[in-house]
Amino acid sequence: PESAVRCEVLARQGAHLGFPRPPRQGDPVEAWEYLPGPRGMLIRLALLASALTPPLPPGAGSEAEAAARREDQEFEAVQPPMPEHLLALWRAGSGAYACFQREFHSAGAGALTPSARAALKEAAAHLEQLAGFTLGERREFILYGRLQDVFVPLARELEHCADAASWSLQRALHPLGTNSYAVDEASKTSLWNAGVSAAIGFYRRAGDQHRAQATLELARKHPHAATHYERLDQTPLVFFPGLEARPWWEPRSFSLVRKLESAFADPGSRAALLAELDAVIARGGLAPILSPAAPLGEAGAGRGEAAGNESGGTCGAADGAAGGTTPAWSELPLFDGRVWDEGACAALPTLRGLLRGRGSEPVDECICTAPVDAASPNLCGTNIVVTLLRLAPGAAVLPHCGITNRRLTMQFALRGAEGVEFTVGGEPRGYGGDGKAIVFDDSFEHMVSHRGSQDRYVLYAVLKHPGLTSSVETLKS
């Protein structure tokens, strides 16, 4: 409750930094008047409302589609009922968004097809009109979240980045957003962190440095969230001051890199590594990464170049070399920080021997491991710690920041390194050829552009930050 009051002040401050609430008009709907207690209690009540939502029938589609339907049900179940003309706007917008979800997932390539893009724009038109009315706190919170879901995939094109930033920030500034914050990697809530981090990144891509800086200053004012950022190009979900921060690290200072590069330099082990990779590819062992929020675009479509074309296609249409039918981004996870995937490791025995010993522990101590206690902060910041990654030629990973600055990222190029450029913290680099590694801090804004002709395959691993001890308590002190 005390933090709720402070965060309400933050929301009011945000309105004076160039981020006004959407204007209200007509038919105000009075909601939540019957709820007792301070605003902080709304979080518990919102969770209760979600729990009371009628269950969905079996086989209701993908998890993302099911979650959207639960939100639709909750939006309409909030009391008092909405006027019919407002309810019609919500249903039209949510129906168009559901159409987008079906199209996106059925395409199976992670691309924004022209029809998926058109569905998103239709959803945006209805939902932005609805945002001009007073709807009550819970409904507005759901609406802002849906608008964020609509504009984030649209922001693969530069023209929509400012809107994606605005709605990401609106949701963060909502009382339910400011009270849903993360203090470390183990936090169960993170809407505030995700909203301000995304807003800064989208404003930067839109070229609006003033609003990006104002959002950073706002993020630093939260009394509890780990968003006390120090620079615009390093805004991960959770940020901890005091650690050595530089975009690029010397790869060969890490024993894992030396081991991998040495193995690749040996003709016998190199042949074995590549033969095993070919076998995995031949049997379709890599699964596509299909999140609508994935920062995918065309090669060259970073902060200054639009991703899309005049014929109505989007950046997603060029994500795969096969006209959007082949996923641009796919992977085969090997290690989640606690347990190795035995099936995946069996398919890559040479790589397995370089990465792990006989048991479950990584053979190299610089690979990040997750704590046994799930309540402790997982400094890996992810449940995919080691994985095999593919990126198609002509594709790009648009500018974004990672989860935490308490880790580093290694990528070891197995094949297709030529023509791939990484930019981290504004500094561009390549791999230096197949069999070479890069190590970078992915809490800095980073992007990838693949202008080569081959699929790029890399071994990705999360590394421990050299500035941390093994004890989280020591770090906190």
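Trainee: Let's start with helix α10 (residues 209–220). How far does α10 reach from its first C-alpha to its last?

Mentor: General idea first: helices are DSSP runs of H or I with at least four residues, strands are E runs of at least two, and both are numbered from the N terminus. The expected span of a helix is 1.5 Å times one less than its number of residues. Here α10 has twelve residues and reaches 17 Å, close to the 16 Å expected. Bear in mind that this is a predicted model, where local features need pLDDT of at least 70, side-chain atom pairs count only at pLDDT 80 or more, and totals for chains, interfaces and linings use all residues. Residues are numbered from 1 along each chain as its sequence is written, and side-chain values use heavy atoms, with hydrogens and water left out.

Trainee: Which residues of α10 are buried?

Mentor: Buried means under 20% relative accessible area, exposed means over 50%, and partly exposed is in between (1.4 Å probe, protein chains only). In α10 the buried ones are A212, A214, T215, L216, L218 and A219.

Trainee: And α9, why is it called largely enclosed by the rest of the structure?

Mentor: Because twelve of its 16 residues are buried. They include W192, F202, Y203, R204 and R205. Helix α9 covers residues 191–206 and spans 22 Å, close to the 22 Å expected. Just after α9, G207 has a positive phi of about 85°.

Trainee: What kind of peptide bond joins Q79 and P80?

Mentor: As a rule, most peptide bonds are trans. The one between Q79 and P80 is cis, with omega at about -5°. You'll find P80 in the loop between α3 (63–77) and α4 (84–107).

Trainee: How many disulfides does a search of the whole structure find?

Mentor: The test is a pair of cysteine sulfur atoms within 2.5 Å, and the search turns up one disulfide. It joins C368 and C380, with the sulfur atoms 2.1 Å apart. Both cysteines sit in the loop between α14 (349–355) and β5 (386–391), twelve residues apart. The link is left-handed, at -100° about the S-S bond, and C368 and C380 are both buried.

Trainee: Now strands. In which sense do β2 and β4 pair?

Mentor: Two strands pair if DSSP finds at least two bridges between them. Strand β2 (residues 287–288) pairs with β4 in the antiparallel sense over two bridges, and P288 stands opposite S330. On to β5: six bridges join β4 to β5, again antiparallel, with W329 partnered by L391. Six of the seven residues of β4 (residues 329–335) are buried, so β4 is largely enclosed by the rest of the structure.

Trainee: How many aromatic pairs does the count come to?

Mentor: Rings of Phe, Tyr and Trp (its six-membered ring) pair if their centres lie within 6.5 Å; planes under 30 degrees apart are stacked, over 60 edge-to-face, and the rest tilted. The count is ten. Take F100 and F104: their ring centres are 5.7 Å apart and their planes at 40°, so the pair is tilted. Both lie in α4, four residues apart, about one turn of the helix. F100 is buried at 0% relative accessible area, and F104 at 1%. Elsewhere, ring pairs link W248, F422, Y431 and F440 into a cluster.

Trainee: Where does the charged end of R406 sit?

Mentor: A charge sits over a ring if NZ of Lys or CZ of Arg is within 6 Å of the ring centre and within 35 degrees of the ring normal. For R406 it is the ring of F240, 3.7 Å from its centre. Likewise, R139 lies over the face of F75, at 5.7 Å from the ring centre.
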